[in-house]
Amino acid sequence: MIGVGKIKQYSNVLDKPLSKGKQEVSLSAFAFLFSELVQYNQTQVDNISELERRLEDAGYAVGARVLELLCHRDKGNRRETRLLGILSFVHSTVWKVLFGKVADSLEKGTEHEDEYMISEKELLVNRFISIPKDMGTFNCGAFVAGIVRGVLDGAGFPAVVTAHFVPVEGQQRPRTTILIKFAEEVLRREARLG
């Protein structure tokens, strides 16, 4: 007999183990939901910076939950305590879970000791977005900046995280850079540990 076996019964939904399940979301479903999020917030604000702030706030909530989920599933509730460790975690693990690949690059700022940059040639949230001329420099990457800030804050690395377009020679669309500027307390803690 094929497929005959004893199925374990759970008395309570809370007793069921957390399974990884299917970890992919339809790109068209995501694009539709994200465009609705942008359109809804666009009707609630008066200017572009306020719209980007609202997208960042929505991303922050996602980032906090992604950190909890990944720490629970992959790390056995262990968290990163070093600056380069958390940056590597965001650049590789978080990016791979959210976007299906590692970010294009992670770089340290040359002008300031507390700045790091995660760059992406074609960030998913900007891929299907056409920005009207009256919206100028609007960047949907603010949502991803919020996710990164949520992960960093939740892990104990407070930072100001912003999204910027950076023109690339020979390409029609600019790349998106997520600029991370860590709080002074993070740098002091890192110097003590180092």
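The legends below accompany several close-up views of one predicted protein model.

The model is a prediction in which local features need pLDDT of at least 70 and side-chain atom pairs count only at pLDDT 80 or more, while totals for chains, interfaces and linings use all residues. Residues are numbered from 1 along each chain as its sequence is written, and side-chain values use heavy atoms, with hydrogens and water left out.

**View 1. The protein chain as a whole, with its helices and strands.** The secondary structure comprises six helices and four strands, where helices (H or I, at least four residues) and strands (E, at least two) are DSSP runs numbered from the N terminus. Read from the N terminus on, the order of these elements is α-α-α-β-β-α-α-β-β-α. Of the 194 residues in the protein chain, 33% are buried, a term that stands for under 20% relative accessible area, with exposed meaning over 50% and partly exposed in between (1.4 Å probe, protein chains only). Among contacts with a separation of 6 or more, 59% join residues 24 or more positions apart, a contact being heavy atoms within 4.5 Å. The chain exposes about 12400 Å², of which carbon and sulfur atoms supply 54%; accessible areas come from the Shrake-Rupley method with a 1.4 Å probe, and for residues only the protein chains shown count as cover.

View 2. Helix α6 spans residues 184-193, and V186, L187 and E190 are buried in it. These residues lie on the same side of α6 because they cover an arc of only 95° around the axis, the arc being that of the directions from the helix axis to the C-beta atoms. The buried residues of α6 pack against α3 (83-99) and β4 (175-182), whereas the face turned away from the buried side carries the exposed residues A191 and R192.

View 3. G156 is placed in the loop between α5 (141-154) and β3 (159-166), and with a relative accessible area of 26% it is partly exposed. Not counting residues up to four places away in sequence, G156 touches V186 and R189. Although G156 and V186 are 30 residues apart in sequence, they are 8.3 Å apart in space, C-alpha to C-alpha.

View 4. E120 lies in strand β2, which covers residues 115-120, and counts as buried at 5% relative accessibility. Leaving aside neighbours within four places in sequence, E120 is in contact with W95, K101, A103, D104, R175 and T176. H164 is in strand β3 and counts as partly exposed, at 35% relative accessibility. With neighbours within four places in sequence again left aside, the contacts of H164 are N139, R175, T176, T177 and L179.

**View 5. The second largest pocket and the residues around it.** About 260 Å³ of space lies in this pocket. Of the 15 residues that line the pocket, I129, I131, F165, R173 and P174 are the closest to its centre. Grid points are joined across faces, edges and corners, and the volume is the space filled by probe spheres set on the points. By class, the lining has six nonpolar, five polar and four charged residues; Ala, Val, Leu, Ile, Met, Phe, Trp, Tyr, Cys and Pro count as nonpolar, Asp, Glu, Lys and Arg as charged, and the others, Gly among them, as polar.

Note on methods
1 Å grid on protein atoms, 1.4 Å probe; cavity = no way out; pocket = protein on both sides within 12 Å on 5 of 7 lines; lining within 4 Å.
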